[in-house]
Amino acid sequence: MSGNLDQVREKAARVAKWLVEKERPDEAVQLLCAWSAQGPSDTAGQALLAEALRIDPSAPVAQHTFERMEGIPGDHALLERAIAHYTEAELARLELEFRKPSFRRAQMGFNNNIKSRGQVFHVQTEDSGLDAPHIITHLFADGGRVIRSHKREYGSQLAAQGDVAEFVRGMMKAQHMEMVLALRDGRFDGIIEGREAGGDLQVLKEPPREDVVKRLSSGKRREGGERAEAPEAPALAPAALKPLYSLQVLRSLGGGPPLYEPTAEVSVIGAGGVITLEGERFCHPEEAALTFRNNQLTIEDLDGGNGVFLRIRTPVELELGDEFIVGDQLLRAQENPVADDGPDPHPTYFYSSPKWPSSFRVTQVFEGGALGACVVARGNTLQIGSAVGDLVFADDPLVDQQHCIVEEQAGTVVLTDLGSRTGVFVRIRGEFELRSGDEILVGRTRLVVQL
């Protein structure tokens with residue numbers, strides 16, 4: 001062996017992870033088994049076998065590898081073929097392929113299940129690569145019936161792109177979400193119910209909308225705990241002191257006026273600001289700054305408080321760590337912890353309940369910061385409600401039976417309100433432009449913006 005065994009095994013683990021991301025789990029299992037069986041049966045080798053078993057616990061080649069590492073005689077032909085194929089040269093070739101910044105071959109596609117109207121559908125988006133530059137998205141129902149297919153060419157747009165891979169990836173993501181939202185909006189109900197013919201391929205000329213899923217957390221983020229200070233409002237002449245906009249109080253548990261009518265260009269929401277929210281125990285002295293300039297109203301979250309939450313009108317993209325409110329429940333989208341399911345030195349595996357694949361988890365946050373219920377997504381979907389769902393709040397009167405859904409689609413965690421009465425609120429990060437009719441939530445106080 002030309003290289004250090006530990007370094008080669010590290011490379012094998014890295015390449016196997018890429019293979020899984022590219023939906024080639026069988027190859028990943030064979031690669032991991034090949035390099036776990038080569039060399040001593042030490043902690044590093046056992047870790048590779050543990051990862052192979054995590055990907056596919058029933059893989060025969062993993063069984064052969066376990067027997068080989070334990071010195072159990074038998075027919076290990078599958079393992080021998082894997083060792084012969086995944087040599088150091090093959091590892092180097094795969095690593096070079098995955099590290100390429102540009103591409104000629106097709107980009108990895110998206111394959112996601114989606115729940116709608118009590119049924120499970122499947123959305124698949126694939127790229128054909130630069131030799132045949134087009135993207136196709138299929139919507140499947142009933143285990144394989146094609147409802148609709150969308151195709152877009154992108155060859156004419158490549159010359160104007162700097163990072164072609166990033167451009168194609170963004171286009172795939174937008175087209176994928178476009179199909180998901182069309183399904184949710186009921187555009188294919190006639191085909192699904194058999195009243196209309198489906199299965200056709202539509203060639204679309206216009207580009208997919210890039211704002212089909214909004215982001216509320218893409219504003220300015222500050223590092224190192226630096227707190228955003230409230231901007232100073234310019235002095236106004238007495239004649240100009242008239243309301244620029246209004247904030248109507250829809251809900252308040254602490255009293256206070258029914259309407260706020262700021263007259264300054266910059267007004268701070270908080271116990272120490274112009275919009276004081278009297279009696280609101282969860283309101284920081286400076287929670288957010290509202291700025292009205294050029295007939296536009298923007299709100300900026302001021303770090304250090306509990307935050308300002310905006311009621312979503314359309315599906316929004318969440319970053320892991322973002323917070324949102326359903327009823328009176330404060331929830332946080334989080335990354336699942338890294339699996340620590342390798343064997344001990346004996347080696348013995350820790351006994352556990354069966355695990356299903358999961359893209360993320362949602363955790364409840366209690367007053368004071370303590371964490372409450374934590375639910376991992378079943379696959380790529382997690383539904384929240386008072387009667388139906390994975391995370392159920394039966395005692396919260398503000399939560400509908402089926403309130404909202406959080407799902408991983410096209411490599412993005414998306415939050416969608418399922419037409420609830422009281423809405424879903426997402427915490428704003430940075431600066432965001434408000435429109436007339438938008439609802440914001442500070443603590444337990446709900447305000448509606450009127451321009």
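Which strand is the place of S116?

1. S116 sits in strand β1, residues 110-116. (Strands are DSSP runs of E, at least two residues, and helices are runs of H or I, at least four, both numbered from the N terminus.) S116 is buried, since its relative accessible area is 6%; buried means under 20%, exposed over 50% and partly exposed in between, with a 1.4 Å probe and protein chains only.

2. Before going on: this is a predicted model, where local features need pLDDT of at least 70 and side-chain atom pairs count only at pLDDT 80 or more, while totals for chains, interfaces and linings use all residues. Residues are numbered from 1 along each chain as its sequence is written, and side-chain values use heavy atoms, with hydrogens and water left out.

3. Leaving aside residues up to four places away in sequence, S116 touches F121, L183 and R184 (contact is heavy atoms within 4.5 Å).

4. Now have a look at the open sheet: its four strands run in the order β9-β10-β11-β23, with antiparallel pairing. Two strands pair if DSSP finds at least two bridges between them. β9 (266-269) and β23 (431-434) are at the edges with a single partner strand each, so one side of each has no neighbour in the sheet.

5. I299 has F432 in β23 as its bridge partner.
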